[in-house]
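Subject: Handover of a structure and the findings from it

Dear colleague,

I am passing the structure below to you for your review. My notes on what was found follow directly after it.

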Amino acid sequence: MKRLWKRQADVDAPEDVKVPSVAGSMSRVHSLGTKALVGGFYFVMALTVVVAFAALVLSLSKDITVSADASTVQQPQTDNAPAAYAEGFVGAWLSASSTDHAALDTYLDASSVGMLPATGWVYRDLGLAGTETPEGSTLTAVTVAANVKETAVVDGKATESWPRRYFRAVVNSDGGLSPVGLPSPVSGPVPAASEITLRYPETVSTSSDAATTVSSFITAYATGAGGLDRYTTPGSAIAPITPAPFSSASLRSLNADKTPSAAPKDGETLHVLVGVTFKTAQNQGSASTYAMTLNARAGRWEVSALNPTPDIEKTNKPSSTKTPTERPTP
């Protein structure tokens, strides 16, 4: 009898039949999403780098342009710029020779100077002596001082000296600094007559009580004798010179703003101008001037201050506009 059905085992299962998986589909979706995010992140990063690089290039380009422009613009000059410029110019001119004039070349064409000496001058202690600028002019006449080495033959022997010489250089400050011509030797400045009156009309005897205090103070102050506090007001900040430069001090003169009392009352004040002579153990010395303030306490005078400047009589004269004189050599 013929069977109308087949057993399940007799039915051949189709080969390579795959059942769709929901979990697998979701995994692929997540994978694609992750790749998209990573790709987007790298794209943003790359774009950021490109933008930053472009900004950097633009900034550098601007800086270069500004620097180039700034190099062609003269900076404003300060009031003492012509003087400082003239000092360097005079120094270069003094030391220039026919074989070595590189320093002078930085100021002007040395070939236009004419014949330079075979040997330049040796100098030291170059310094400003004075300036003068005509009203409304861009030219400043600057006087520069220097100790210049000079050699003379005396009794068959070469003798070296360093006299103080003065040279005037003209500097143009219109649109920058430049020399006008060459420096020229000039005479030194003439000391100006004092236009001030010191306020110490009274001459005080060097044997007075006030003079004794001042003399003892100066000795303790400059010779290391000690005991400075015995001659100063309590709480004074005056300290002795250390190390002491001199071995002795003597009072040469004493002037005051008034006649000091022989028995001064507490709180009384005296302003004095003191002339002193110092000496060292090697018999070297100097004459010096001090301005001091003395205060009375317990019937005697004490030094309360070493004044930085002396007292002067006040006047209604207009302030002086004289050309500054030479500053002290360092």
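A residue is called buried here if its relative accessible area is under 20%, exposed if that area is over 50%, and partly exposed in between. By this rule, 25% of the 330 residues of the protein chain count as buried. Please keep in mind throughout that this is a predicted model.

The chain as a whole

The secondary structure of the protein chain consists of four helices and 12 strands. Its accessible surface is about 22500 Å², and carbon and sulfur atoms account for 57% of that area. Where contacts link residues at least 6 apart in the sequence of the protein chain, 54% of them join residues at least 24 apart.

The two hairpins

Strand β1, residues 123-132, runs antiparallel to strand β2, residues 139-148, and seven bridges join the two. Within this pair, Leu128 stands opposite Val144 of β2. The two strands form a hairpin with six residues between them, and Gly136 in the turn has a positive phi of about 80°.

Thr151 has Glu160 in β4 as its bridge partner. In this hairpin two residues lie between the strands, and Asp155 takes a positive phi near 55°.

Asn147 in strand β2

Asn147 belongs to strand β2. Is this residue buried or exposed? Asn147 counts as buried because its relative accessible area is 15%, which falls under the 20% limit. Its side chain makes a polar contact of 2.9 Å with the side chain of Arg164. Setting aside residues up to four places away in sequence, Asn147 touches Val122, Tyr123, Arg124, Asp125, Trp162, Pro163 and Arg164.

The five-stranded sheet

Five strands build an open sheet with antiparallel pairing, in the order β8-β9-β10-β11-β12. β8 and β12 (300-307) are the edge strands, each with a single partner, so one side of each has no neighbour in the sheet. Inside the sheet, β10 and β11 run antiparallel and are joined by 11 bridges. His271 stands opposite Thr293 in β11.

Thr269 also lies in strand β10. Its relative accessibility is 29%, and Thr269 therefore counts as partly exposed. How far apart are Thr269 and Leu294, in sequence and in space? They are separated by 25 residues in sequence, while their C-alpha atoms are 5.7 Å apart. Apart from its neighbours within four places in sequence, Thr269 is in contact with Lys258, Thr293, Leu294, Asn295 and Trp301. With one of these, Asn295, the side chain of Thr269 forms a polar contact of 3.2 Å, side chain to side chain.

Backbone points to check

Most residues other than glycine have a negative phi, and most peptide bonds are trans.

- At 35% relative accessibility, Asp125 counts as partly exposed.
- Asn283 is likewise not a glycine and has a positive phi of about 65°. Asn283 is placed in the loop between β10 (269-279) and β11 (285-297), and its relative accessibility of 57% makes it count as exposed.
- The peptide bond from Thr242 to Pro243 is cis, with omega near -10°. Pro243 is in the loop between α4 (209-223) and β9 (248-256).

A nonpolar patch on the surface

Which residues form a nonpolar patch on the surface? They are Ile196, Leu198 and Ile312, which together have about 250 Å² of accessible area. Of this group, Ile196 lies in the loop between β7 (184-186) and β8 (202-203).

With kind regards

Technical notes
Residues are numbered from 1 along each chain as its sequence is written. This is a predicted model: local features need pLDDT of at least 70, side-chain atom pairs count only at pLDDT 80 or more; totals for chains, interfaces and linings use all residues. Side-chain values use heavy atoms; hydrogens and water are left out. Two strands pair if DSSP finds at least two bridges between them. Buried means under 20% relative accessible area, exposed over 50%, partly exposed in between (1.4 Å probe, protein chains only). Contact means heavy atoms within 4.5 Å. A polar contact is a pair of N or O atoms within 3.5 Å; within protein, one must be able to donate a hydrogen and the other to accept it, and residues adjacent in sequence count only if both atoms are side-chain atoms. Accessible areas come from the Shrake-Rupley method with a 1.4 Å probe; for residues, only the protein chains shown count as cover. Patches are made of residues with over 30% relative accessible area and no salt bridge: like charges are joined within 9 Å, nonpolar side chains (Val, Leu, Ile, Met, Phe, Trp, Tyr) within 5 Å. A salt bridge is a side-chain nitrogen of Lys or Arg within 4 Å of a carboxyl oxygen of Asp or Glu.
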